[in-house]
Amino acid sequence: MLFNSLTFLAFFIVVYGLFWIVPTWTGKKWLLLVASYVFYGAWNPPYIVLLLASTSIDWWIARLIGRSETQLRRRTLLVISLASNLGLLSWFKYGGFLTTNLSSLLASVGVIYHPLDAGIILPIGISFYTFASLSYTIDVYRREIRSDWTFQDYALFVGFFPHLVAGPIVRASRLLPQIESPMLPTRNQIGWGFAMVIMGLFAKSVMADALFAPIVDDFYASPSHFGSVDAWIAILSFSGQIYYDFSGYSLCAIGLALCFGFSFPDNFRWPYAAIGFSDFWRRWHISLSSWLRDYLYIPLGGNRHGEIRRYRNLMVTMLLGGLWHGASWMFVLWGGLHGVYLAIESGLRNYFRDSSSLVRRSELLLSGLTFIIITLTWIPFRAKTPGDALLVVSRLADASLSPVLDYNKLVAVAAMLLTLRWQRAQKDVSLEQALANLGPMVGTGMMTAGVLLLFLFSGGDQHAFIYFQF
């Protein structure tokens, strides 16, 4: 059930209408919980069993951790939670990847091994709700959140449909207190929530799907048919596609939650205005990058044990962050490249300790350089194989073929330049403040134009959000 589908529109109208009819807060929570499971089951009904099992295990283990007095017992229960969650995630997401690579490794030494096809189907959203659930048991273990939440509240935290299948990765410490206490949405929240949904759908349907996706798909289907100009336009367009696709989903999720009175954290803050790669990861997919920082990088030692250990921790974190995106060495390569960038940046920052004034004078140059490197690094993220990625890179320098320019490509380039200009201008303010700065007339005009464009570009097939595969 896609946010950008008529099926979801009908689903939301029914659920939202009932939300205001049901008189008690407990009843409203039961309504949202049942609706969330219906939403998830619409993808594949057996997924509900997996979601319920994962939720039940973590809820019960967290209660046991909260009641345990000895550190050994608490640590043992945490290990059980980690093993069960990561075991399920590994089986469904990486089982086929591991057996295929094992078969290839054995074949390289002359051993023939044909793994059985287990028929594993990746449950949608498993990476997102697994990380959300894990944050709860870890925080209970750390005594940062209590463990006596009702099962209904905890199940709604994990399964709440706006964030269930593609984030943001909302932590229990933020959402559970909101679920527990009656808190109906205000008029301002409802209005801003619907505005965010409109912006999110516009970003997805108009910008990502209608404008950028056709250029990207056409190029990556046969890179050898294009020269350098078309190649640069295509990789620039993928930067636009993935940003508007994923940030569009995040806006829809945050806006839908706000319509029910729940506050989610921001997931994007003008990432293409970043100055350096650490700044980029403070702005891109914030809920994942902060999760990896708090539950992986810092427990590994962070930057507390010298430069070498810090570089190691950065690389491990980014390699696993890349692998989180999918069972492919291309995602590992993408994560590893970002790990290298972060390590180099850290080393340069230590070398030029008093460079703040130089950075301020060179902000535009550094921001542009950061964007170009990030755009190039999206190549292994989008390409299916190393060979495909190398072919795309080779096209960037091949000026022997004449460019195949059309109106759509020119509009896409203009749209990306405007995106960079807008993000650069707004990089230090929130989205809400940025729109408020435009004034009510301009803001209303933009919303009206967005709705009209949505109607114009909403026909035909609906495209799934890119991050659904993760």
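Helix α18 supplies 11 residues to the lining of the largest pocket, the largest share of any element. Here a pocket is an open set of points on a 1 Å grid over the protein atoms alone, with protein on both sides within 12 Å along at least five of seven lines, and a lining residue has an atom within 4 Å of a point. Helices are DSSP runs of H or I with at least four residues, strands are runs of E with at least two, and both are numbered from the N terminus. The model is a predicted one, in which local features need pLDDT of at least 70 and side-chain atom pairs count only at pLDDT 80 or more, while totals for chains, interfaces and linings use all residues. Residues are numbered from 1 along each chain as its sequence is written, and side-chain values use heavy atoms, with hydrogens and water left out.

The largest pocket holds about 1400 Å³ of space, a volume being the space filled by probe spheres set on the grid points, which are joined across faces, edges and corners. Its lining comprises 46 residues, and Met199, Phe202, Tyr244, Trp422 and Met446 lie nearest the centre. At least two lining residues come from each of α9, α10 (228-259), α18 (407-426), α19 (431-438) and α20 (440-457). By class, 33 lining residues are nonpolar, 9 polar and 4 charged. In this scheme Ala, Val, Leu, Ile, Met, Phe, Trp, Tyr, Cys and Pro count as nonpolar, Asp, Glu, Lys and Arg as charged, and the others, Gly among them, as polar.

Helix α9 (residues 187-221) also contains Gly200. This glycine has a relative accessible area of 0% and is therefore buried, a term that means under 20% relative accessible area, with exposed over 50% and partly exposed in between (1.4 Å probe, protein chains only). Apart from neighbours within four places in sequence, Gly200 is in contact (heavy atoms within 4.5 Å) with Gly248, Leu251 and Cys252. Cys252 is likewise buried, at 0% relative accessible area. Gly200 and Phe3 lie 197 residues apart in sequence, yet their C-alpha atoms are 9.5 Å apart in space. Cys259 is buried too, with a relative accessible area of 0%. The whole structure has 0 disulfides, defined as pairs of cysteine sulfur atoms within 2.5 Å.

Ser36 counts as buried because its relative accessibility is 0%. Beyond its neighbours within four places in sequence, Ser36 is in contact with Leu156, Gly159, Phe160, Phe161 and Leu164.

A cavity is a set of points where a 1.4 Å probe fits but cannot get out, and the structure has 1 cavity of 30 Å³ or more. The largest cavity has a volume of about 40 Å³. It is lined by Leu50, Ser54, Asn85, Leu88, Leu89, Ile126, Tyr129 and Thr130, with at least two residues from each of α3 (47-67), α4 (71-108) and α5 (126-141). This lining has 5 nonpolar, 3 polar and no charged residues.

For the chain as a whole, the secondary structure consists of 20 helices and 0 strands. Of its 470 residues, 52% are buried. Among contacts with a separation of 6 or more, 77% join residues 24 or more positions apart.
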